[in-house]
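Keep the viewer open and follow along.

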Amino acid sequence: MKRKITVLLALLIALSVLLQGCYAPGGDPTKPTVKPSPFSWNDYAHGVRPDDPTDPTEPTDPTVGPLTPGGEFVREAYPLLEPVDFSEMKYERPDTDALCKAFNDVQDMVENGGSADDVLAAYYPAHDDYIRFDTMSTIAYIHYTLDLNDTYYDEENQWCEEQSPVVEQALEKCYIAMAKSPIRKDLERLEFGDGFFLYYDENEVYSNDRVVDLMQQEADLQTQYMSLQSDMTIEWKGEERLVEDLLDSDLAYGDLLSVYRLYYEKYNPLAADLYIQLIKVRKQIAEELDYPSYADFAYSFYFDRDYTPDQVSKYTADVAKELSSYYYAALYGSYEKAMDTDQVMDLLKQTTRKFGGEFAAAYDYMEQYNLYDISESTSKMPGSYMTYLNAYEAPFMYVSPTGDIDDFLTASHEFGHFVDGYVNCNGTSSIDCNEIFSQGLEYLSLTRADLSNNVRSALTTAKVSDAILTFLSQACYAEFEQRVYSLPESELTAERINQISLECHEEFGMGMAGLEDLLAPGWIDIQHFFIAPFYVISYCISNDAALQIYQAELKDGSGLDVYRTLMSLSSGNTILALLDEAGLTSPFQKGRMADLADFFNDQLYG
C-alpha cells in the first residue's frame, strides 16, 4: 500500500520523491541475519504521459543474435536439497538450540586440540543445518511478504530474525577458534581456501554478546515498522477508513491532498519514534565495535564497500550540482500503458530467449520450479526483491505489480538479480555489484525486447528519466541518512528529521512550493531507512556502471558482452575493483557526473 501512496501522489501532484528503493543484497545484506539477498524494490513513482496506441508487444526486429535454448548453459551448483517446486518447499521452524550446540561442540573440539579431519567431520553436519536454518528463514520471509495478514508467517519471520544473531554468534565463535588454532592452515587447505580466516583475525562482531543483544533489539524495531505498514487507517468524515481504500476511490484533488496530510499527521510521529530508537541502537552497535560511526560500520561490515562515507558525501554533492536541473524533465518523462502480469512474463520470457545462454536457462529454471511471484494482491508487501534459497541453490523473484508496462522493467530488474544469483550461485556478495545486474538488464531489455518502435522510444525515455530520478532521489536519501545519523541525541526528534528531509529534497532540486508539508514527513515511506540503513547509495554507484553497459549497447551493440564480462568477474569482488578489472570507469572519477549529465541531456533532448 505504501507504493500506492507513493505512485498516486506522483501521478496526481507531480511529486515523485517519496521513493521505495531496491531492498538489499546479501538476501538482504544490510541486516544482521543469515538471510541471503539481494532484495530489491523498484523505486519510484512516475508521472502521466499520453497513452501510445500501438501494441506494446508488436515486434520491430531489433538487432540480436539467434535464440539459444536454456539447456545450453551448464550451472555449477551443488544444492543440499534436491530442487523442487516452490510450493513443495515446506517451512519447519529450525531447532536453533541444537544448531548452536553443534557449533559450540565444534568450537570445543578445536580448542581441545582436535585434528583437522575430526573437526571438519563435526563441522559439516552443523553447517548443513545452518544452511537449512538460513533457507527456512528465507521461506518464512517470502510467505510473510506474500500475505502481510498471515499471522503465522509474520510470527515465524520475526522469530527467525531474532534468532539469526544468536546463530551467527555461534558460527562466528567457531570460526574465530579455528583462526586461532594450530590447525588453521590445514582447515584452509582441506575446506575453506587460502586466507579464509584473515577476516576473523580482526572482525569479532557476533561474538560480542552486547552487539547480539542490540541486533535483536534492532530486529524487533524493524518488525514493528513493517507491522505499522499493514492496514493503515485514518479518520475520514467521521469514520475510520483504510488509507488504501480512500486512495482507490474517486476523490477530488483537494480531498486527496487531505488524505495524505491526515496519513502523515498520524503515521509520521509513530514511524519517527521507531526510527529514532533504531538510530540509537545502531549507534550503540558501532560504538561497541569501535567504529567512528554507524555509516562506517555498515559500509565495512554489511556492504564490504571499497569506498567511504566521505567519498559519498562529495559524490552526492556532485549529483546535486550536475543533475538537479533535470528533475522536472525526468519527472514528466515517464510513460504509462496497461500491461497485465501474463503479458509481462511472456515478454520477459521472449527477451531472455534473445539473450540466450544463461539468461534463457535461468528463466527456464525459474519457470520450471515456480521460483517467482508476480501475482496481484492487496495483502502483498509492496515493491519487489530477489532472495536466495541456499539449501536449494535457488533464487526467488518477487514482484508486486502495478498493472502497467513499468512492471516489465521491474521484472527485468529483479530477473537481473535472478540471473546473477543463478549463474554465480549467490556468490556476488557486494550489493553494489548486485545492482549492476538488475539495473543493467533493464537497459538491455529496452533495446532487445519485442516492442513497437513507439513504445520502445517512450519506454526508453521513461527509463532514462528513471535513471536521473535514481541519482537524485537516492543521493538525496544518502545525504539525509548521513545528516540524521550525525545529529546529537538531543536533536533526534520527528520535527528535526522532517526538516532535514525537506532541506535535502530542496538541495537536490526536488522541492515543491506549497507542498512542503507532504515532502517533509514523506521519508517514513522509505523502507530502506528502517530495514536497510545506508544501502541507498548503491543505486547510484551501480546505476553508473549499468549506464556504461547501456552506452556500450548504444555505441556498437556490445552491452550484453560487457554485462557477461562483469557477471563473470563479480563473485566475491567489490565494485571499484570489478569496474577496474573490466576496464570501465569509476563513478568517483573526477568529472564523471558532468559527463553523465551530458549523456542525459543528449538522450532527453538530442
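Two strands pair if DSSP finds at least two bridges between them. Helices (H or I, at least four residues) and strands (E, at least two) are DSSP runs, numbered from the N terminus. A quick word on the ground rules: this is a predicted model, where local features need pLDDT of at least 70, side-chain atom pairs count only at pLDDT 80 or more, and totals for chains, interfaces and linings use all residues. Residues are numbered from 1 along each chain as its sequence is written, and side-chain values use heavy atoms, with hydrogens and water left out.

Start with the hairpin. Strand 1 (residues 233–236) and strand 2 (residues 239–242) run antiparallel, joined by four bridges. Pick I234 and look across to strand 2: its bridge partner there is R241. Two residues sit between the strands of this hairpin, and K237 takes a positive phi near 55°.

Positive phi turns up elsewhere too. D290 is a residue other than glycine with phi near 65°, and you'll find D290 in the loop between helix 9 (253–288) and helix 10 (294–302). E393, again not a glycine, has phi near 50°; its loop links strand 4 (384–389) to strand 5 (394–399). Are these two residues buried or exposed? Buried means under 20% relative accessible area, exposed over 50%, and partly exposed in between (1.4 Å probe, protein chains only). D290 has a relative accessible area of 69%, so D290 is exposed. E393 has 16%, so E393 is buried.

Now for some helix packing. Helix 14 (residues 357–368) and helix 22 (residues 559–569) pack at about 70°, with their axes 11 Å apart. Axes here are lines fitted to C-alpha atoms, for helices over the stretch in contact, and angles run from 0 to 180 degrees between N-to-C directions. Helix 14 is therefore roughly perpendicular to helix 22, a label that covers 65 to 115 degrees (under 35 is roughly parallel, over 145 roughly antiparallel, the rest oblique). Which residues of helix 14 and helix 22 meet? On the helix 14 side they are G357, E358 and F359, and on the helix 22 side L560, Y563, R564 and M567. Contact means heavy atoms within 4.5 Å.

Finally, zoom out. The protein chain has 24 helices and five strands. Of its 606 residues, 62% count as buried. Among contacts with a separation of 6 or more, 77% come from residues 24 or more positions apart.
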